[in-house]
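Student: I'd like to learn how to read a model like this one. Could you take me through it feature by feature?

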Amino acid sequence: VRSDLSTMGLWTDADWDKPGYVNGKRDHLFVKKTSAGAVKCTLFNFKRPHGRAFHVAWFAFFACFIMWFAIPPLMVTIKKPRCGDTSSDLCMKDCVAGGSEFLRIYEATAGVAEDDLAKLYKDKQCAKCFPHKGGKGMGCGGIGLDKNQILVSNVVSVSGTIIIRVLIGPFADWAGVRITYSALLVIFSIPGFLASTVTTYEGLVVVRFFISLVGGSFVITQLWTTIMFHSNVVGLANATSAGWGNLGGGAALAIMGQVFTAMKKSGLSNDQAWRRSLAWPPAVLFATGLFAYFMTDDCPYGNYSEMKKRKAEEPAAVDDGSDLQGGAEPVSVAGRSLRVASVNWRTWVLFLVYAFSFGVELVVNGNIALYFSQAFDLSQGDGGLAGSLFGLFNLFARSLGGWMSDKFNERWGVRGRLWALFICTLLMGCFMLVFTNVTKDNGGFGGALGALGTWALFLAMTEGAVFAVVPYVEPTAVGGVAGVVRVRGH
């Protein structure tokens, strides 16, 4: 980053020693010594530029992940058949007092076995007559999805991110993090609002594609913390901001099911409950985007636009031919950053490692709630809570991976960071194999949670260790490297 900003002509070497910049000689990311020698915590420092940028970065990423993964924990309801006319002959006669002998059990529900009632609620035709009935396979209120449609929807829900994460890092290198992040949050809150209005499978696929574009938030978050913090704590800074942001995936699994349950208890039908449950995450994104635009900075010394104006007012410097100079067109800057990152083989090594960590996490977040509900006979809410364990490890495990990388770096330099990454990756793979062999009859629900938690620990640590290495691959194109590595996670 030092080389990059010097090349752009925005900073000189002397700028990095100015008061206020968090460097390794004076300040730590979270704790620092006062003039009296006491140590105080700076974790809750929201002052501009460093503290404000750090907290807005992780929270914006967190909000993006909640909206991104808000649909999977509600899929048990969304896949239900559409409700029919409750005043039709089917609902008023066949599924209540008429029809076959099997359906006549509804005439006198008192004393009727729960299993028999469950069969009635799950009957493909009669299920359309029960808009308030929850439970696995019971009632109606969704848009009518089969297994293949759910699978396609889940695949599409990460496809848009592949595109945006290649482009958004280099663009942020040129335009600045603040404007780029604000635009992403405000613009892509729109498909989040539209998700609560879909009525068809095709509409769901289109909306989930555009929602997936918020996944570009990770690249901007990592670029922002990389610019704001010194290299001796950049592993911890990147891992913590990414980990707390990634926590949104687990939070979505834990929260959305409970929000849905609260909606149902208030008297809403299945259809009304899941639609209203999806309405609040995009509102948070929109508000965060406005706050980021008006209340944050691109880097420790202000916004890129202001710095470029100051540079333009200075005597003209000799042109060294670099297309990363301030004032270059965004397309040329993006192309330069991507080219530099792409020709470095080390970028592609991290590219592969991240595919087997974060890529797997996305698959798990998109399916774990439904998996637990079906494999262990849990309700939609309980399945979401169980599955949230996987994502909630991001609260500390990513930071732990970054911290481990920083400590190895202090002892063995950059090679130590590589050893930290290797150890985390190896243990991640081992415990993934353990989890895949746990079933209801082999280890049970408790064993599944234990294996899932251990696997999640090392998976998140691997993710943190990966991006502790990213800034060292190509300092003149950190955005390009982050974009290439991140996109492979999908």
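Tutor: Let's start with one side chain: Phe356 counts as exposed because its relative accessibility is 54%. The cut-offs are under 20% relative accessible area for buried and over 50% for exposed, with partly exposed in between (1.4 Å probe, protein chains only). This is a predicted model, in which local features need pLDDT of at least 70 and side-chain atom pairs count only at pLDDT 80 or more, while totals for chains, interfaces and linings use all residues. Residues are numbered from 1 along each chain as its sequence is written, and side-chain values use heavy atoms, with hydrogens and water left out.

Student: Where is Phe356 placed?

Tutor: Phe356 belongs to the loop between helix H16 (345-355) and H17. Helices (H or I, at least four residues) and strands (E, at least two) are DSSP runs, numbered from the N terminus. The C-alpha atom of Phe356 is 9.2 Å from that of Met428, which is 72 residues away along the chain.

Student: How many helices and strands does the protein have, then?

Tutor: There are 22 helices and two strands. Of the 490 residues, 55% are buried. The protein exposes about 20900 Å², and 64% of that comes from carbon and sulfur atoms; accessible areas come from the Shrake-Rupley method with a 1.4 Å probe, and for residues only the protein chains shown count as cover.

Student: What share of the contacts comes from residues 24 or more positions apart?

Tutor: Among contacts with a separation of 6 or more, such residues account for 77%. Contact means heavy atoms within 4.5 Å.

Student: How do I read a pair of packed helices?

Tutor: Two packed helices are described by the angle between their axes and the distance between the axes. Axes are lines fitted to C-alpha atoms, for helices over the stretch in contact, and angles run from 0 to 180 degrees between N-to-C directions. Take helix H7 (residues 177-187) and helix H13 (residues 280-295): their axes are 8 Å apart, at an angle of about 160 degrees. H7 is therefore roughly antiparallel to H13. Angles over 145 degrees count as roughly antiparallel, under 35 as roughly parallel, 65 to 115 as roughly perpendicular and the rest as oblique.

Student: Which residues of H7 and H13 make the contact?

Tutor: H7 brings Arg178, Ile179, Ser182, Leu185 and Val186, and H13 brings Leu285, Phe286, Thr288, Gly289, Leu290, Ala292 and Tyr293. Eight of these contact residues are nonpolar, three polar and one charged. Here Ala, Val, Leu, Ile, Met, Phe, Trp, Tyr, Cys and Pro count as nonpolar, Asp, Glu, Lys and Arg as charged, and the others, Gly among them, as polar.

Student: At what angle do H2 and H13 pack?

Tutor: Helix H2 (residues 50-68) packs on H13 at about 160 degrees, with 9 Å between the axes, which means that H2 is roughly antiparallel to H13. On the H2 side, the residues include Val56, Phe59 and Met67, and they meet H13 residues including Trp280, Leu285 and Phe291. The contact divides into 15 nonpolar residues, one polar and one charged.

Student: And how do H7 and H10 cross?

Tutor: Their axes come within 10 Å and cross at roughly 155 degrees, so H7 and H10 are roughly antiparallel to each other. Val177, Thr180, Tyr181 and Leu184 of H7 meet Ser217, Ile220, Thr221, Leu223, Trp224 and Ile227 of H10. By class, that contact has seven nonpolar residues, three polar and no charged.

Student: Is Ile227 buried or exposed?

Tutor: Ile227 counts as buried because its relative accessibility is 4%. This residue sits in helix H10 (residues 217-228). Ile227 and Pro300 are 73 residues apart in sequence, yet their C-alpha atoms are 7.9 Å apart.

Student: What does Ser399 touch?

Tutor: Beyond its neighbours within four places in sequence, Ser399 contacts Leu236, Ala239, Thr240 and Trp244. Ser399 lies in helix H19 (residues 397-412) and counts as buried because its relative accessibility is 11%.

Student: What should I look for in the backbone?

Tutor: Most residues other than glycine have a negative phi. Asp377 has a positive phi of about 55 degrees although it is not a glycine. Asp377 is in the loop between helix H17 (358-375) and helix H18 (380-392).
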